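Please look over the model below before reading the numbered points. They go from one bond to the whole chain and then to single regions.

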Amino acid sequence: MANSILHQDAATSTTQSQSAERIRRLVWKLAIATLLLMAVGSATRVMNAGLACPDWPLCYGELVPTAQMNFQVFLEWFHRLDAAAIGCGAIGLAGLSWWDRRVLPAWLPWASTFALGLIIFQGVLGGLTVTELLRFDIVTAHLGCALLFFITLLAIGVSLMPYRAIGTVGKLPWVGLSAAILVYLQSILGGLVGSQWALHQCFGAGQLCLVMNSHIAGVVPASLATLALVFLSWRTPALHPTLRQLANWAGGLLVWQIALGVATFRLHLQVEPLTVAHQATGAALLGVLVAFSALALRDRAEIFEFYERRSEAS
């Protein structure tokens with residue numbers, strides 16, 4: 001009898017582990033595809049290819065517009081193709097989460113459904129971007145929703161990682177979360193600068209300088225919060241190696257992002273790959289900060305649960 005119960009427990013644990021691993025692999029693939037999608041979307045904008053396909057959801061009324069295909073049309077067409085693939089992946093993620101909900105964490109189906117809702121809304125914004133002829137507020141909201149979907153995937157993936165809490169994070173989760181919020185807002189400001197071509201207009205006719213200067217000023221709080229996270233991580237004894245590595249990545253990406261931003265500003269957005277790299281690095285920095293915060297919060301919660309169980313047992 002005891003052996004039968006142990007066997008059932010082991011089988012349940014194996015099923016749960018396999019389901020979580022399958023979903024985690026899918027989440028990481030979707031996150032990488034989303035980062036690529038945002039990079040291609042940035043390239044589409046800076047190459048003036050946002051309306052290369054004048055209709056939506058098809059392109060020149062076709063699934064593959066071979067007759068009209070050029071570099072600009074390809075950028076916009078591939079952007080939509082990647083988005084459609086991610087949408088299918090998000091449907092699969094939600095479906096798997098609900099199908100295996102009995103052996104998965106209770107929050108996972110709801111988090112997957114939230115991610116699916118974001119990608120559906122993202123698709124609606126993508127269509128409006130074309131039909132409303134690249135209206136700046138819709139373009140900026142399109143970027144903001146993509147970033148939310150990206151960090152939601154990262155939070156899910158990090159929460160499903162094999163991880164053993166140490167309990168030395170202290171206030172680091174809140175520092176990381178503050179840095180992530182500031183970087184997200186800075187990314188939205190950057191998207192607003194791009195969608196309104198504020199840099200060109202500020203240099204040219206003196207208009208929209210407020211948008212441009214707000215983005216420049218926003219570098220300071222976002223950078224200070226990220227540097228504080230890196231510094232406190234270095235000063236924290238016995239910090240989990242994964243958290244320390246994420247903090248180091250955040251510091252490296254911050255330095256690279258500032259360098260790209262300065263170069264982009266000085267060259268007046270004339271070097272398209274530089275602009276794309278600037279926006280992609282900003283998204284990567286945001287992702288690392290969210291991953292750090294989610295993992296640090298998980299460390300804190302697991303240690304709290306451990307001491308709770310210990311006190312109940314005693």
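1. The disulfide of Cys53 and Cys59 is left-handed because the torsion about their S-S bond is about -80 degrees. The sulfur atoms of Cys53 and Cys59 lie 1.9 Å apart, and a disulfide is assigned when a pair of cysteine sulfur atoms is within 2.5 Å. The structure holds 1 disulfide.

2. This is a predicted model, in which local features need pLDDT of at least 70, side-chain atom pairs count only at pLDDT 80 or more, and totals for chains, interfaces and linings use all residues. Residues are numbered from 1 along each chain as its sequence is written, and side-chain values use heavy atoms, with hydrogens and water left out.

3. Cysteine burial can be read residue by residue. Cys53 is buried at 0% relative accessibility, and Cys59 is buried at 2%. Cys145 is also buried, with a relative accessible area of 5%, whereas Cys88 is exposed at 56%. Buried means under 20% relative accessible area, exposed over 50%, and partly exposed in between, with a 1.4 Å probe and protein chains only.

4. The protein chain has 9 helices and 0 strands; helices (H or I, at least four residues) and strands (E, at least two) are DSSP runs, numbered from the N terminus. Of the 314 residues in the chain, 45% are buried. Among contacts (heavy atoms within 4.5 Å) with a separation of 6 or more, 77% join residues 24 or more positions apart.

5. The mean pLDDT (the predictor's confidence in each residue, from 0 to 100) is 87, and 87% of residues reach 70 or more. Over residues 1-12, pLDDT stays under 50, and the model has 0 contacts beyond four places in sequence for them. Where pLDDT is low, the predicted coordinates should not be read in detail.

6. Ser97 is found in helix α2 and is buried, at 0% relative accessibility. Beyond its neighbours within four places in sequence, Ser97 is in contact with residues including Ile23, Leu104 and Pro109.

7. A nonpolar surface patch is formed by Leu58, Leu63, Val64, Met69 and Phe74, with about 440 Å² of accessible area together. Leu58 lies in the loop between α1 (2-46) and α2 (71-99) and is partly exposed, at 37%. Accessible areas come from the Shrake-Rupley method with a 1.4 Å probe; for residues, only the protein chains shown count as cover.

Key:
Patches are made of residues with over 30% relative accessible area and no salt bridge: like charges are joined within 9 Å, nonpolar side chains (Val, Leu, Ile, Met, Phe, Trp, Tyr) within 5 Å. A salt bridge is a side-chain nitrogen of Lys or Arg within 4 Å of a carboxyl oxygen of Asp or Glu.
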